[in-house]
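Please look over the sequence and the structure shown here before reading on.

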Amino acid sequence: MRRVLITGISGGLGRLVARRLHGRVEVLGVDRAPWRRPPKGIRIHPLDLRKKKFEDLIRTERPDAIVHLGFVRHFRTEPALRHEVNVLGTRRVLEYAVEYGVRQVVVFSSSYVYGALPENSYYLDEDAPLNVSRTYPEVRDLAEVDMLATAFLWRHPDLGVVVLRPVNILGPTVRSAISQYLRMEYVPTVLGFNPMMQFVHEEDVADAIVLALEHELRGIFNLVGPGAVPLHVAIRETGGVPVPLPEFVLRRTIRRLFRWRLFPFPDGAVDFVKYPCTLDGRRFVAETGFRPRHSLPDVFAKFGRGDDAWR
Amino acid sequence: MAVTAPTVPALPSARVRGRAAARATSRHHPLVELADELAESTGRALRALAPSAVLRLEEEIEERLARVPLRKNEYGYDPWGFHPAVARRILLLTSLFYRYYFRVELAGVERLPAGRVLVVANHGGQIALDAAMIATGVFLEGEPPRILRGMGEYWLPRVPWINIVMVRSGSVVGTPKNCLDLLHRDEAVIVFPEGVRGMNKPYWQAYRLQRFGLGFMRLALATRTPIVPVAVVGSEEQAPGIANLRSVARLLGMPAFPLTLTWPWLGPLGLVPFPVKYRITFGEPMEFSGDAHAEDEAIEKLVRQVKRRIRTMLDRMLEKRKTILSIFF
């Protein structure tokens, strides 16, 4: 493997992965957002996955592998745009990969695709159904992206598609939904519920992506960090105050605040702090020997410390 | 745990700054610390008021909990959400019921083998106090003490607080995957193959075993787990059922809606069980082998053996209850 293309390279995780690959392979990246001072030798192409220039880039550069991190995960844009970028973008990436002889594509999915349901087993394995759209339709594009990648996995036996489903990612640079939630000082929770939640540090996720490339993996993999704690413990350990509210109050408030753009996610997200969505990560560990370097106290202590890492 | 205070950079918003400052002095928010202190002093005050029997029981639970083999993380939680500090309080409550209310007579707990095991019992009494009493018995009188893992009804995780109590005391939702994972980790799991059919039947069907589900036998075969049959007498009289209103249950999204001698006529008081005498007997472990994916008929044959064992044990225990008084003494 000589040349790796990273989509969404300017995001927190994109930068971490790029820095890890830099020097070992040739790294090029695309992103709509700039990365002002990337390490020397990393070429950034400021372009949109949906534009023809993206195809041109793959045709001329012929990367051996693509790490696909270019997703819109926040709700600040129109749902239609979010859907278009995520689903159509992934389709493009996979189609071009087939067409231009890319050997491996890592598609960055999420543990959220399983959905948080009361009857969820602890330790859902990769065969568990993707239920998220049942209770949280606003993020059904996540499940669509995942299923699209899975379809390519079966349709193109020569293409090494890796679907990676990490648990809640915390860290100073990654802006995941859960980190936005935990960054609040007074964190609203559902009265009478306190589900177990798994966390993983952003650097361990970057390591895992590199491992997936190194081992030339193929298939669907849950990515699990050092372990699970109840939501309230996570809130306390990151310095917040849990504020339990009756569910109907919580849902109504969030729905309204979200509509006024005062809250980062819609009320469907409430299920993820009410019911468990914890994964079995044994398959990835068996294939790669992955061991997270950050323990749970470590993940919580380092969370959000360097808010200025972006500058 | 030793945590160095992070250096605080110039941060954009006051909200974040307040939080970072809180972290610089201690890891927790001052309000959280205050709540902790309040809880602790309340606990101390309650302990000062408690009778000495309760304190002794608490010590006993503490000593036994320390001997339970557990795989805990840095925060004291096991992979399924069990937490000794929370479980201690729940066990204190169930142990008080065990010793002083139901005065449980336990036999054969030494037959519980070490390592993975499936405990299979008859079910009755409208609420799963039989499960709590079996589990408390294994914890208080088994050597070494163990935490029996319950396979909860799918409805339970939806109930506020109950879902937390269930998980912190070692139970999980009764999915096959959960049971498999627990058995693979050499845990002791308790199942009631009659499910709601057994628990919420009317009293004139007391101690009549209902249809057994087959799932537990498939799991036992797949993981080569010994099955320990258990018979419980007393549970059926704790809240004798009159009827089960299925339509009301469906309306409320509950697995059953039983009417008993006291519920709902006496209001919340009607939920209090009668102080019956519980008798629990553990049978010899049964080992089965065969194909876990065999046809239902083949599995059913094996299940019938377990059912017959429980039936025999139940009959023998019921024979000993000569008069109506022996329900209570």
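Two strands are said to pair if DSSP finds at least two bridges between them, and helices (H or I, at least four residues) and strands (E, at least two) are DSSP runs, numbered from the N terminus. This is a predicted model, in which local features need pLDDT of at least 70, side-chain atom pairs count only at pLDDT 80 or more, and totals for chains, interfaces and linings use all residues. Residues are numbered from 1 along each chain as its sequence is written, chains are lettered from A and ligands numbered from 1 in the order in which they are written, and side-chain values use heavy atoms, with hydrogens and water left out.

In chain B, seven strands make up an open sheet with mixed pairing, in the order 1-9-6-2-5-3-4. Strand 1 (105-107) and strand 4 (172-173) of chain B stand at the edges with a single partner strand each, so one side of each has no neighbour in the sheet. Within this sheet, strand 2 (residues 117-121) of chain B runs parallel to strand 5 (residues 188-191) of chain B, and four bridges join them; B:V120, for instance, has B:V191 of strand 5 as its bridge partner.

In chain A, the axes of helix 1 (residues 12-21) and helix 7 (residues 202-214) come within 9 Å and cross at roughly 50 degrees, where axes are lines fitted to C-alpha atoms, for helices over the stretch in contact (heavy atoms within 4.5 Å), and angles run from 0 to 180 degrees between N-to-C directions. Helix 1 and helix 7 of chain A are therefore oblique to each other, a word kept for angles that are not under 35 degrees (roughly parallel), over 145 (roughly antiparallel) or 65 to 115 (roughly perpendicular).
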